[in-house]
Each structure stands twice: as structure tokens, then as C-alpha cells.
Amino acid sequence: MTSVDLLIVGAGPAGMAAAVEARRHGLDVLVIDDQPEPGGQIWRSVETVAAGPRGALLGKAYQSGKACAEAFRASGARYEPGTQLWQIEAGFRAFVTRNRQASVIQAKSVILATGAQERPVPFPGWTLPGVLTVGAAQILLKTSGQIPSAPVWIAGSGPLPLLYMVQLLRAGGKIAGYLDTTPPGRGRAALPHLAKAIGAAGDLLKGLAWWGMLRKAGIPIIKHVADIEATGSERIEAIRYRTRDGQERTAPASVLLVHEGVVPSIHATLALGCAVEWSDDQECYVPVLNAWGESSQSGIFVAGDGAGIAGAQAALHRGKLAGLGAAMKIGRIGERAAEEASTPVRRKLARELALRPFLDAMYKPRPEVFAPADGTIVCRCEEVTAADIRAMAAVGRPGPNQVKAFTRAGMGPCQGRQCGYTVTQILAAAEGRRPKDVGFYRVRPPLKPVTLGELASLEQEKAS
């Protein structure tokens, strides 16, 4: 069993920044991550890619991650890539698997820097081969330079589809069209938050520049798309979409990429019994944290987008604050000194967060995301449809855990990561309740699939 002062789960911007800060105050730090290299999703493969041609097409924001990774490598923190966390017990005892061998890590404090995931968007045909998320396509571009050989359709809303389309064009890819699902009137809804967002004018101008590049390239942009459908037998062959003014069209397609925003990864937080609260702005749960990122469970900190969607720069600042908070918790720095060190970090974080109300209002998910047609598969793992969920709601006023017990929705390998919010929203609509009153799945260990052989290796470790 390995013993450390601080265990950090995740080596993205927040995890790396937390490790650097904690090491600065003398903590024995171990960082585990299920990816083979540091960087997280936003800076995936940055150490090997940033300095090359692919780094140039991915942009300066991506390339900036290389300096963070270098600082992390030089910090003296122990780093174990390819390591999967599947359980944390009180105390804190973390159970992990690496190279098919399970082991236990004893830590005085834990920082969860597990990032975010793309919001699941169930629609007819979303399980067909050839239908992916924009984030998945961006992973292929970052890690191996792969781009689709045929023109792709992209459907969704938010900054990520715009960024990926610009990157795809730079890489020589082709775009059949962009189905912009942002409902009309969102600009007016975001306008009251514009003055506060002026401090992040650079990011706003960057978004306008992306739009300009797409229009200059002649990319067909279909605005106010309300519904989409992928059709085909063995794989996607066509898409069908409907705009809010009632126009319906069908077009051939071999690849469809979708994106409707991101949500914090909260499964580890929920498994530890940390308090969460519903965010109406982001239509998801976020952990309840203090000013240092500490959760309702003493000694458990959450940093980065897992604490609420805010982007890479905010994740860096949140990571630093969590690293400082952990050092203060363990007694390596006094409260006054920690407060002084945190002041400039909090100032920078506030500037980054000032943009969020504008973006959250502008790109709030369209209602159709949470109201799939009856025949649409909601739980991909167990093939449970929206009709199955609504049938359960008609029986009484069940919560997600009762629905899980009767339909198996949420019992698959992803443990509800792909269906949890949809089930919550369907039940809320059917029962006339608010999503925050319906709740979420109860998350049980293991957090990730673990084999019997891996469990047996724990006994081998104990015996040795």
C-alpha cells in the first residue's frame, strides 16, 4: 500500500496546477490519471504535439498547455498515468488499477480533478456507427491527426463546435454543414450579462473570429435547428433535421458530430457522499464547495471543470486554490499565509468566471435535448428507451433509482454517465417536478469496471 499526503485524481489543467502548488509547500503528492500523458481533454497529448505542425493548427490556447505540463513534470510530484480509480473509502483509501494490477493508496487528503464530459444528447439514430460527439472527433485530431475523409455534418451549440470546425478546416478536412441548434432569442437572454463579460473580451472576439472563418470558407450554416435524426441500416447514411419555422430536410451523411455543451464529472463526488446542488444556469449538478474547493466531506477537494464548467484557465486557478487548501488542511501553511498567496489567484479566477453567465445564457441547452421521442434509446448500455422511462413515471412518482431497479437504465458499464440527466429530466417533465427535486442516480462502487483478476491482485499485494 502506498501512503501519500495528497492524492490528485486527474492530470488535466486543474490536477497539474494543484500538484505544482502542493509540492511548493512540501507535500508528498501522487497524481493518478487514466490517460497515458498529462494534459486532460483540453491539452491532450500536448507534450508531443504542441511543438509540431499539429499543435499549430490546434491553436495557441492548446499550445499554452505545454508550459503547464513542463512545470508539472518538474514539480517532483509522483505521476502514474494509465491508472484507473474505482473506489475511495473514508480515511482515505483509494483503490486503483494499473497494468491490470489493483492496489491501494492511503492519502491524508484528496483532490478530484476529473474534469467534465460532453452532455449526452439522445436522438433517433444516435447509436449508429458514424455518429460521434465533437469531443471524440477532437480527441482523434489531437492524438493522431486523424480527420474524416468525407465531409462531415456537425450539429449542436456552443464554442466547441466552432473551434473544432476551424481546426478541421486547418487540417484539410471538409464540412458538409453546421446545424446550429441554438434557439432564437438566446442573444437577448445573454445581453444583460455582456457588461460583466467585457473583461473577457478576448474570448468573445475569438468566437466572432471563428464565425467569420466559417462564413469565409462557405460552410453551410443552418440556424435554429430544433430536431435532428440519423438514419441508416448498418451505419449512418443520412440525416434529417427540422428547423423551428417548420422546415424539414434530409441530406446524405457518412459522419455526424454532435455537441450540446459539457457537464461536470460528478460520479466520484457522488460516490464519496459529497453534497451537490442543481445549477439552473448549466442544467446539471455541481459540488457544493468552500472558497478552497473543499467539499462537504472534510479533506476532499474538487478542482477544475468538475467543480463547475468554466474552461482551462479557470481550471488552473481552481487547481492552485485546491493545492493551497490541501496544504493548509495538512498543516504545511498557515491560514494567513494561504490567504495572502490566494489573493492574486482569486482575482484571476474571478475574471475567468465573469464570462460564464453570458455563455450559460447564450448556450443554454434547447428543451428538445431533455425530451427525446418515445422510441429513442436513452440508456445505450441497456437499450432502455424514453418510452420505458415515461411508462415507469406513469406508475407513480419514482426517482431515478427506482427507474434503475425496474428498467436497468444506469446499470451498464458507464454507470449512468450517458443516461442519468436524461432520466432525471424525463421524470421531472412527466411528474411535474423540477429536476433538482427528482435527483440523480445513487452512485455505487466500483466507479469503473474492475475484473475479478484485478480484485484478486489486491490479496496478492496484501500478502507481499
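Me: Which residues of helix 1 are buried?
Reply: The buried residues of helix 1 are P13, A14, G15, M16, A17, A18, A19, V20, E21 and A22. Buried means under 20% relative accessible area, with exposed over 50% and partly exposed in between (1.4 Å probe, protein chains only). Helices (H or I, at least four residues) and strands (E, at least two) are DSSP runs, numbered from the N terminus.

Me: What kind of model is this?
Reply: This is a predicted model, in which local features need pLDDT of at least 70, side-chain atom pairs count only at pLDDT 80 or more, and totals for chains, interfaces and linings use all residues. Residues are numbered from 1 along each chain as its sequence is written, and side-chain values use heavy atoms, with hydrogens and water left out.

Me: Why is helix 1 largely enclosed?
Reply: Ten of its twelve residues are buried, so helix 1 is largely enclosed by the rest of the structure.

Me: Moving to strand 2, which residues lie on each side?
Reply: V29 and V31 are on one side and L30 and I32 on the other; all are buried, so both faces of strand 2 are covered.

Me: How many bridges join strand 1 to strand 2?
Reply: Four bridges join these strands, which run parallel; strands pair if DSSP finds at least two bridges between them. V9 stands opposite I32 in strand 2. From strand 1 the chain crosses through helix 1 to strand 2, and this β-α-β crossover is right-handed (with the strands pointing away from the viewer, the path from the first strand over the helix to the second runs clockwise).
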